[in-house]
Amino acid sequence: MSTEHQRSDVAGVEVSVDHLINGARVPSARTFEDRSPLDWSLLLADVSAGDAETAQAAVAAAAAAFPEWAGLGASGRAVILRRLADLVDENVPDIATVECMDMAMRHESLRERVIARGARNFRAYADLAEAYEERRWSSNGTANLVQRMPAGPSVVITPWNAPFMLATWKVAPALAAGNTVVLKPAEWSPLSASLLADLTVEAGMPPGVFNMVQGIGEEVGPPLVSDRRVRRISFTGSPETARIIGAAAAANIVPFTAELGGKGPLVVLADADLDAAAAVAADQYGDSGQVCLAGTRLLVAEEVADGFLERFHALTDALVLGDSRDDVTDITPMIHPDHLAGVKAFVDRAREAGDTVLRGGERLTEDGLWYEPTLVSPFSNDSEIVQREVFGPVLTFQTFSDEEEALALANSTEYGLSATLFTGSEQKAERLGRALRAGTVWVNCFLVRDLTAPFGGCGISGLGREGGDYALDFQSDLTTVQIREGSTS
Ligand code: NAD
């Protein structure tokens, strides 16, 4: 598929298969295959497989470009970041098409919402960084000057789900804070990062400010995160990989954030609007459940369990399994045959362990990558299917007799990324909302996000917080200068 210019045609969109280092496209001698989950026989691209040399070249470029980028100041950088945001908006159709082919998220949601959030990330961080580069106040006879000092090259490593949006969510604050970036996208959905790289060049970003390396995580990842020139690491992915990266970050004493997996409870109290709760519960099958924030553990008050299940099954029956390019599709193929096999193995083990599969539990077709929307009634709250992230269209169903039991079940896993609660009571909304141990708690809503709020996980769902000023603080060295008042003129 690769041409001599190292570009692939993905559904009519030209995508470079190479790294972007110091403003230029750089190939690797080795490549890896990138196939489409929509049709596994379709080879989208042979993508350059970076190695230690690639990682070193990218970090060297980022280190060389850092002083000038940092020296531009927040307003100088904001001009380029806003231009980049405009370019993302102009290119939504192409980015949506490539992302849809590459990881099978629904074209309609990419086109109408998800990609545009990438543009908003660049605009919002340009604004936030401009609004606060330093603060001053007077106390104890000194002037206090607190500044956000750019930290240095920042490595950003992203997972295969929602890759464009998640990359911009982390790249935007790093660049706005004055750091230079090396982005490493996931090998199962590498292509939209390449389009982002093109747009940074078109936006006039100086060479070396934004670099992107492709490759297999275990090969190009370790030399990137252990390079002593790197001053920040921002990671989204699994807890297993976070442990490895965290060890490298600790060795170099580099600040590290990790946004990791989840096993969110979706709690339905007896006084809840059951129609709304069941609709959000059935929605968890969207994107085939490959969503870190998903509410995958349905916890429902005993007295309304039948009414809830009746509504939930009716809504789930109506979901359309199909091609992600088709706007009527609700349930898309899964990302990769290996991931599908992993999801299937989870449900098979649950059956063997004595859990009851209430619906689904099989592959839909022999050749396609769809797995049926599945609901499991666990034998025990200790069941693996309750306690571990499946990252597929698999929910569990449990009931509780009172608020205390609901909370105990909700907070019973090692994870703590998100929690969702349905109740008609204002008091319970606040009381339980505060008591749920999760970085983000939604009450009578789902996936509503304010970019300025802190985002991250409790427990093994993450380390540190990003979002708004939290991300800018993380990407900066905060320094305090104290000048004795009256001592200078
Ligand atoms: P993963 O941990 O396997 O891979 C994530 C990234 O790390 C990829 O780019 C991969 O190439 C890279 N990587 C792998 N080994 C590495 C190493 N040794 N050194 C450096 N980099 C390495 O995760 P995944 O399967 O791509 O993503 C799914 C996971 O991500 C799920 O657990 C999901 O819940 C989580 N996730 C979390 C959020 C969040 O915001 N909390 C968002 C999306 C996904």
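Visitor: Which residues lie nearest the centre of the second largest pocket, and how many residues line it?

Guide: First, a word on what we are looking at: this is a predicted model, in which local features need pLDDT of at least 70 and side-chain atom pairs count only at pLDDT 80 or more, while totals for chains, interfaces and linings use all residues. Residues are numbered from 1 along each chain as its sequence is written, and side-chain values use heavy atoms, with hydrogens and water left out. On a 1 Å grid over the protein atoms alone, a pocket is an open set of points with protein on both sides within 12 Å along at least five of seven lines, a cavity is a set where a 1.4 Å probe fits but cannot get out, and lining residues have an atom within 4 Å of a point. Here, 34 residues line the second largest pocket, and Met 105, Val 114, Asp 287, Val 291 and Leu 447 lie nearest its centre.

Visitor: What volume does the second largest pocket have, and which helices supply at least two residues of its lining?

Guide: A volume is the space filled by probe spheres set on the grid points, which are joined across faces, edges and corners; for the second largest pocket this comes to about 900 Å³. Helices (H or I, at least four residues) and strands (E, at least two) are DSSP runs, numbered from the N terminus. In this case α4 (107–131), α5 (163–176) and α9 (274–283) each supply at least two residues of the lining, with the largest share, four residues, coming from α4.

Visitor: How should I describe the largest pocket, and which residues lie nearest its centre?

Guide: The largest pocket holds about 1,000 Å³ of space and is lined by 39 residues, of which Trp 160, Phe 235, Gly 237, Ser 238 and Thr 241 lie nearest the centre. The largest pocket also lies between domain 1 and domain 2, because both give residues to its lining. Helix α8 (239–252) is one of the elements that supply at least two residues, and α8 gives the most, with six. For the classes, Ala, Val, Leu, Ile, Met, Phe, Trp, Tyr, Cys and Pro count as nonpolar, Asp, Glu, Lys and Arg as charged, and the others, Gly among them, as polar; the lining of the largest pocket then has 20 nonpolar, eleven polar and eight charged residues.

Visitor: Which strands are joined to β12?

Guide: Two strands pair if DSSP finds at least two bridges between them. Strand β9 (residues 154–157) runs parallel to β12 and is joined to it by four bridges, with Ser 154 opposite Arg 232. Strand β13 (residues 256–259) is also parallel to β12, again with four bridges, and there Thr 257 is the bridge partner of Ser 234.

Visitor: What does an antiparallel case look like, say for β7 and β8?

Guide: Strands β7 (residues 134–139) and β8 (residues 142–150) run antiparallel and are joined by six bridges, and Ser 139 stands opposite Thr 142. Two residues lie between the strands of this hairpin, where Asn 140 takes a positive phi near 50 degrees. Strand β8 also pairs in the antiparallel sense with β22 (residues 476–484), over nine bridges, and Leu 145 has Val 481 as its bridge partner.

Visitor: Finally, how many disulfides does the structure hold?

Guide: A disulfide is a covalent bond between the sulfur atoms of two cysteines, and the cut-off used is a pair of cysteine sulfur atoms within 2.5 Å. The structure holds zero disulfides. The sulfur of Cys 458 is 14 Å from the closest cysteine sulfur, in Cys 292, which is too far for a bond. Cys 292 itself counts as partly exposed, because its relative accessibility is 21%.

Key: Domains from an automatic or database assignment. Buried < 20%, exposed > 50% of the residue type's maximum accessible area, 1.4 Å probe, protein only.
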